[in-house]
Amino acid sequence: MSTTFWIIIAGAVATYLTRIGGHLVISRFDTIHPRVEAGLNAVPAAVLTTLVAPELLNAGPAEWAALVVTAVVSLRGGLMAMFLAGAAVLIVARQFVG
C-alpha cells in the first residue's frame, strides 16, 4: 500500500485518540468549571481562525469578497448559511475575477 494511505490512516487514528482521550478526561469530572467550558466553546472559532488567517496573507479580491460576504451573513444567518454564502461568493468570484 502507498505511503499516502498510511499517512491518512495514522492521521485518522491520532484524531480519534485525541478526541476519545479528551472525552475520557472530561467525563471524570462531575461538574466543569465555567472557565473551562468557555475555553472549550472557543476552540472551534480558534481552529477556524488558524485555517483562514494564513490564507488571507496571500488573498486576492475573490477571497476578500468572500470574507466580507461571510462576515455580513454571519451577523444575521446561521453557521450553514454563512458557510454556503462565503463558498458561493468565492467560487463565483474566482471564475470571473481570478
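**A first look**

Author: Let us begin with R94, which counts as partly exposed because its relative accessibility is 42%; buried means under 20% relative accessible area, exposed means over 50%, and partly exposed lies in between, with a 1.4 Å probe and protein chains only. Please keep in mind that this is a predicted model, in which local features need pLDDT of at least 70 and side-chain atom pairs count only at pLDDT 80 or more, while totals for chains, interfaces and linings use all residues. Residues are numbered from 1 along each chain as its sequence is written, and side-chain values use heavy atoms, with hydrogens and water left out.

Reader: OK, so which side chain does R94 meet in a salt bridge?

Author: The partner of R94 is E63, with 2.8 Å from N to O; a salt bridge here is a side-chain nitrogen of Lys or Arg within 4 Å of a carboxyl oxygen of Asp or Glu. This pair links distant parts of the chain, as E63 sits in helix α3 (residues 61-76) and R94 in helix α4 (residues 79-96), 31 residues apart. Helices (H or I, at least four residues) and strands (E, at least two) are DSSP runs, numbered from the N terminus.

Reader: And is E63 buried or exposed?

Author: E63 counts as buried, because its relative accessible area is 16%.

Reader: How many salt bridges are there by this rule?

Author: The count comes to 1 salt bridge.

Reader: Changing topic: how many aromatic pairs does a search of the whole structure find?

Author: The search finds 1 aromatic pair. It is formed by F5 and W6, which are arranged edge-to-face, with 5.2 Å from centre to centre and 75° between the planes. For the rule itself, rings of Phe, Tyr and Trp (its six-membered ring) pair if their centres lie within 6.5 Å, and planes under 30 degrees apart count as stacked, over 60 as edge-to-face and the rest as tilted.

Reader: What about F5, how accessible is it?

Author: F5 counts as partly exposed, because its relative accessibility is 35%. The C-alpha atoms of F5 and A87, which are 82 residues apart along the chain, are separated by 29 Å. A87 itself is found in helix α4, and its 27% relative accessibility is why it counts as partly exposed.

Reader: Now the surface: which residues form the nonpolar patch?

Author: V25, F29, I32, V36, L40, V43, V47, L48, L51, V52, W64 and L67 form it, with about 1000 Å² of accessible area together. The elements that give two or more residues to the patch are α2 (34-57) and α3, and α2 gives the most, with 7 residues. Patches are made of residues with over 30% relative accessible area and no salt bridge, where like charges are joined within 9 Å and nonpolar side chains (Val, Leu, Ile, Met, Phe, Trp, Tyr) within 5 Å. W64 lies in helix α3 and is partly exposed, because its relative accessible area is 42%.

Reader: And how much space lies in the largest pocket?

Author: About 600 Å³ of space lies in the largest pocket. Its lining has 19 residues, of which L48, V52, A66, L67 and T70 lie nearest its centre. The elements that give two or more residues to this lining are α2, α3 and α4, with α2 giving the most, 7 residues. A pocket is an open set of points on a 1 Å grid over the protein atoms alone, where a 1.4 Å probe fits and protein lies on both sides within 12 Å along at least five of seven lines, and lining residues have an atom within 4 Å of a point.

Reader: Last one, where is V52 placed?

Author: V52 is in helix α2, and it counts as partly exposed because its relative accessibility is 34%. The C-alpha atoms of V52 and L67, 15 residues apart along the chain, are separated by 9.4 Å.

Definitions and conventions
Accessible areas come from the Shrake-Rupley method with a 1.4 Å probe; for residues, only the protein chains shown count as cover. Grid points are joined across faces, edges and corners, and a volume is the space filled by probe spheres set on the points.
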